[in-house]
Amino acid sequence: MGFRSWRSCIFIAVFLILSSTLCEVKLSPTFYDQTYPRALSTIRKAVRRAVSHERRMATSLIHLHFHNCFVQGCDASILLDNSSIIQSEKNAPNNLNSVRGYEVIDNIKSKVKSMCPSVVSCADIAAVAAKDSSIAVLKLGRSDSTTSGLSQVATNLPSFRDNLDKLITLFRSKGLNARDMVALSGSHTIGQARCLTFRDRIYSNGTNIDAGFATTRRRHCLAQNGNGDANLAPLELVTPNSFDNNYFRNLIQRKGLLQSDQVLFSGGMDLQTLLSRNTTRAQKLSGLTLHPPW
């Protein structure tokens with residue numbers, strides 16, 4: 001399947017909307033064409049090298065970009081380290097032991113800087129790295145932040161414990177509606193989560209989780225807090241390394257790993273219909289699985 005067909009995936013399109021919506025400057029996909037024409041190819045090669053070394057890194061770079069954009073906009077403030085005047089966002093509970101891929105961005109920045117110093121922003125590098133982990137054309141021209149948004153992290157990033165109303169309110173504050181929220185959540189078709197984030201759900205014995213699914217996930221996530229908290233499980237069990245529609249199918253079957261994912265389906269008829277439409281839309285892609293370009 002060619003890259004153009006990927007645009008049929010709603011959540012990828014909204015991912016790009018997020019990259020531009022939360023940025024006030026005028027962006028352009030040709031921003032570096034005159035100042036550093038090799039910028040995008042340099043970043044692309046580095047990302048593909050990193051992903052070939054560790055397939056999970058593709059998801060991590062998308063995750064990093066999302067956590068960056070939801071606090072102060074897509075300004076790379078998440079990349080700032082602790083200093084005498086900065087409290088790094090990296091140490092926020094929502095990011096610590098969760099966001100990863102910083103070393104890939106640092107490596108890319110070093111390569112770009114050695115060829116053309118002080119031209120390509122870290123903010124654009126993070127955005128392009130996330131894009132190269134998925135697909136599509138991305139507008140560029142972001143500026144790097146000189147301040148950290150540590151104090152804003154907890155209130156600006158969604159939590160795995162959030163209910164539907166809180167999620168809708170949070171995404172609305174970023175200019176995104178419920179449809180955008182569900183589409184963006186579809187990026188959870190790839191990636192992994194720590195036991196700490198889904199333990200309560202799989203041991204809840206509630207009606208909104210498939211019993212067999214819960215049993216499977218308990219094998220590597222024990223009930224006692226502190227016991228295997230960092231153990232990983234795929235966010236989507238069937239095809240965890242592919243961009244496809246199984247994330248939405250799982251929610252309909254009550255097999256969402258995170259509570260914040262499952263509430264999208266169990267929270268109301270409008271979102272149920274939206275999820276069903278997203279699944280139907282993906283099914284129309286001739287049954288083909290959409291693989292990231294690495």
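Arg-100 and Glu-54 form a salt bridge, with 2.8 Å between the closest N and O atoms. This is a predicted model: local features need pLDDT of at least 70, side-chain atom pairs count only at pLDDT 80 or more, and totals for chains, interfaces and linings use all residues. Residues are numbered from 1 along each chain as its sequence is written, and side-chain values use heavy atoms, leaving out hydrogens and water.

**Exercise 1.** Find which parts of the chain the pair Arg-100 and Glu-54 links.

*Solution.* Start with the criterion: a salt bridge is a side-chain nitrogen of Lys or Arg within 4 Å of a carboxyl oxygen of Asp or Glu. Helices here are DSSP runs (H or I, at least four residues), numbered from the N terminus.

**Exercise 2.** Is Asp-162 buried or exposed?

*Solution.* Take the cut-offs: buried means under 20% relative accessible area, exposed over 50%, partly exposed in between (1.4 Å probe, protein chains only). Asp-162 has 6% relative accessibility, so Asp-162 counts as buried. By contrast, Glu-54 is at 25% and therefore counts as partly exposed.

**Exercise 3.** List the contacts of Ile-105, leaving aside its neighbours within four places in sequence.

*Solution.* Contact means heavy atoms within 4.5 Å. On that basis, Ile-105 touches Leu-61, Leu-64, Leu-79, Ile-125, Ala-126 and Ala-129.

Technical notes: Helix = DSSP H or I, 4+ residues; strand = E, 2+ residues; numbered from the N terminus.
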